[in-house]
Amino acid sequence: MADPVISATVQAAIQVALETAVSLASDRIGLLVGFKKDVASMTLSLGFIKDVLADAEEKQNQSSGVKRWLKCLEEVAYDAQNVLDELHYESLRHQVESRNRPKRKVCCFFSFSNINLAFRWRMASKVRDVKLKLNGIYQEANGLLLFSRAVVPAALPAAVGDTRNRQTDSVLAPMVGRADDESEIVKILLSLSEKVVSVLPITGMGGLGKTTLAKSIYNKKQVDSHFEKKIWVCVSDNFEVTRLLKMILESLTERNDGMTSRDVIVRKIREQLVGKKYLLVLDDVWTESPILWDDFLHSLRGLNATNGNWCVVTTRKQRTASIVATHDPYVLGKLSDDDCWSILTEKANAGVEIPEQLQVMKKEIIKKCGGLPLAASVMGGLLRMKRKEEWKLILMNELSNLSGDEDGVMQILRLSFDNLPSPAIKKCFAYCSIFPQDTAMEGDMLIELWMAEGFLHAGLENKTMEEIGEYYLEILLQSSLFEEARKYGRTRWHKMHDMVHDVAKSIMSKSTRFINSETGSGDNSNQVRCLVIDSFGEGAKNLLKSRSNLLHTLFLSQGSLSDDMLKKLKNLHILNLSGEENQNLPISIGKLIHLRYINFEDSTSETLPESVCKLYNLQTLRLNSFALKVLLKGTCDLISLRHLHFYTLDEAFQMPLEMGRLTCLQTLEFFNVGREKGRRIGELGSLKNLKGNLRISNLELVKGKEGAEEAKLSEKANLFRLELRWASDQEGDNYNDEDVLDGLRPHPNLEELVIWNFMGDQFPRWLMDLPTTTTTLPESATTLPELARLRFYSCDRCRELLPLQNFASLKELVIAHFDGLTNLPGDMLHSCTSLQKLRVAYCDNLISFPLNLQQTPSLLELELVKCSKLKTSMTPKGFGFLTSLRELTIGPFSDDGDDHENSSIYDEFDWSELISSSSSSALRGLYLCGLPHMESLPPQIQCLTALTSLSLYDFGGIKALPDWFGNFAALEELQLFGFKELGHLPSADAMRSLTKLKSLVVFGSPLLEERCTPESSGPDSQWSKVSHIQDLRITDY
């Protein structure tokens, strides 16, 4: 019987190829005179074939003829897609060329006279060939008695909504049922060991949660305190020692230095680890070679002479565990029935009440999970994708023969794949196998790749391809085939469990080749459409030559493509050169007319060939923002471009002319306004689909409110972050900044606004409630109800900020470098009840900010720093209301008197409420700035005993730290900057009370530096007080 996964893959591949071809055929290419009739005939044949495809899928297991028919159909579907795409490219080329000569009278550019004669004959022949093949395929279907079936497309789950507003956080989901295992392993790791490196294997079958357990242990606070360095490496099945050492170095330094010499790598690791106790986790180890392991362990023992280092190894294989262990392996058991039930119901039902259909089958379901958390999670995800009425059918039929072991997990994973709602989602999932195991895959990048392969054309009405991609990601997350690895802002990264990756890789096994120094080139299958090359040798070159016409995707991380080699990849859709620094794009890149995606992010090349601008199908261009010096003049000809990933802070950087022609563009990270036509701010007006982040610079070149309104920012509903910058050195005094900013009113959906170097006296009414001659706010002055982050920098002419209105969603406010600002009103934040972070800094003339903190009960971080004229009596009051305050940064302040040699500048600060309320128990970080001649610290801080971090700046007259520092029993980090006279730390007894202190950093204390060395002696030596501290840095500037 045929493998159900493979047959589902064939169906998905054919279905997607057919849908892409039909989509292309229905586009404007039918208007190309001379092809209209043949294209219409092809479209008809494609539709007929789609109708019988479901019948062929069902009959393929009983008929070898149907299997052959499906194989032929797949090849012809790709041929049809390529031919139609070539016609589509020609249509785009005509559009671009017509647009570039607007002054000439242009006859119908779809006419015979405008189509190159040679091209017309060549394409006519190709179209006829494909049409005949499709007719033959259809006739053969009749001979095989394949019938048309009414197939209702699987609807996307109702739970999947608009993911743009999906809220998540970075905290890992808690483990279920592993608390005892975690506690036991942590106890082992924290125990005394006389070995330089001890090795503890965690072993058990796939899907038990070994990696999840190891991650939880790795992130435990006790582990952080015990080990000075932590290293995480996902090994997988390639246990090549130099590779592992390189990955260890990358984990330590958080960068890839491109080193290949094992000796150099080991030397660099030794520099990182010398004298420090470390924890190394080797996840998913498969090697059964004692020779390889001994070689690795020998290098590991030579890195560090300190005893007590640990290496945790997770592995499915008992033999591997026995080879690597210096401590008894920890054998992970199965989860209890209740724990499996908890995981499954949470995943299937998203936290709501368990339905009766599920409850009555509880025993049978738990038995099928076999105590494996992965099985429970995936089974729950599978049920979540289905209607509750279907649950019993799935559980009793499709899951009836499951075994409670590793094979059973693979069965569940395959079934989950089979039950994905559409062939396109199946293709999207399988395609992700081109990434190495344990890769964190950026969601936006995945969508761009899927789009380039043509997987996102069909399914949802009135949705963009990107929105369809977001839906597909959400489905894969809900089904537990994907898991969220991390999130930064709106960008999410996803991973696949190693067993899920195995399933994806098996699905793509015939169409994808991975070439490295270990695997060689493999067989030359005529189904290879994706090629991943890590080692560019003769095998790779030969495979490229023999299969160049078939390839859709090429990932190349080593070696360079020659001009001749690139020319042969004429059907390429995706070119990823992100791993190769020295690669230059050959000129022949312009011949790859099907190309939709280029990743050139790691290249150090400063330019691109002009021929890139001939890629009229190109949708995504990812470039190195640090190396590239100029964007191509003809960038505006990239008529299909949707995502331009390139960013520079250089405000002198000139934008290509007429960027407004890129009407499909969604991602544009910055726009520098220029003086000449084609570089003015009005170019943004045509870019209606912009989304995400946008920085606009050189706003001093915009001519008033009307000029600013040409950008049409108020119509861009998908822009979530907007940064507006004027030049920092504007000439003269005749500024129009107020009018320009008034015309740059953003859409109400905006979540973050940053303003730099604004030289107006006041901000527009759409941002603040400023004095006006009218009594009511005009309808056009829409507020920003979604705004969560608002930052102002260097707005020097602004004397006063009035209260913010209707900012209930605001979580962060920054006001910095306002030289003219003298007053901030006490009720300024009366509408900002959700505010979590407030920063007011470097406002040299600020005198008053009597904020009533009762207005901001959600505040987590407050920074009021480097405002030297701010009177302590006019600083915020009401710290008792800040029950969640975690970090406080203050000072120095002004004082009504002349005595700055003591701590009097802090006398009128609201210490009493801060100390007496629950705020003091919540406060973890205090950062206090003094004055160069201050001889004492504010004594009130000794009452903040819950502090874990204390940083003190510029108390230049202090000679000794007081003994009440011993009160800081929870303190982990102490930083002292600019204590020029400091010579003594607190007493030895006080220092011994700081049992949790693991980091002491002192800069600018020459006398203390001299006394905190092993060589120092006598009564003034401080070495005995600090010698035990793990991270000790005491140095003069």
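## A walk through a predicted protein model

Asp407 counts as exposed because its relative accessibility is 53%; exposed means over 50% relative accessible area, buried means under 20%, and partly exposed lies in between (1.4 Å probe, protein chains only). This is a predicted model, in which local features need pLDDT of at least 70 and side-chain atom pairs count only at pLDDT 80 or more, while totals for chains, interfaces and linings use all residues. Residues are numbered from 1 along each chain as its sequence is written, and side-chain values use heavy atoms, with hydrogens and water left out.

Asp407 sits in helix α17, residues 406-418. Helices (H or I, at least four residues) and strands (E, at least two) are DSSP runs, numbered from the N terminus. Asp407 and Gly206 lie 201 residues apart in sequence, and their C-alpha atoms are 9.3 Å apart in space.

Now for the whole protein. It has 30 helices and 30 strands, and buried residues make up 53% of its 1037 residues. A contact means heavy atoms within 4.5 Å. Among contacts with a separation of 6 or more, 65% join residues 24 or more positions apart.

What lies inside? A nonpolar core is a set of buried Ala, Val, Leu, Ile, Met, Phe, Trp, Tyr and Cys residues joined through side-chain atoms within 4.5 Å. Here are two of them.

| Core | Residues in the core | Some members |
|---|---|---|
| Largest core | 146 residues | Phe763, Phe792, Leu813 and Ile815 |
| Second, separate core | 88 residues | Val223, Ile343, Met496 and Tyr597 |

The four residues named for the largest core are those with the most contacts inside it. Leaving aside residues up to four places away in sequence, Phe792 touches several residues, including Ile755, Leu767, Met768 and Phe818. In soluble globular proteins, nonpolar side chains tend to be buried together.

Two strands pair if DSSP finds at least two bridges between them. β6 pairs with β8 (residues 491-495) over 2 bridges, in the antiparallel sense, and Met441 stands opposite His494 in β8.
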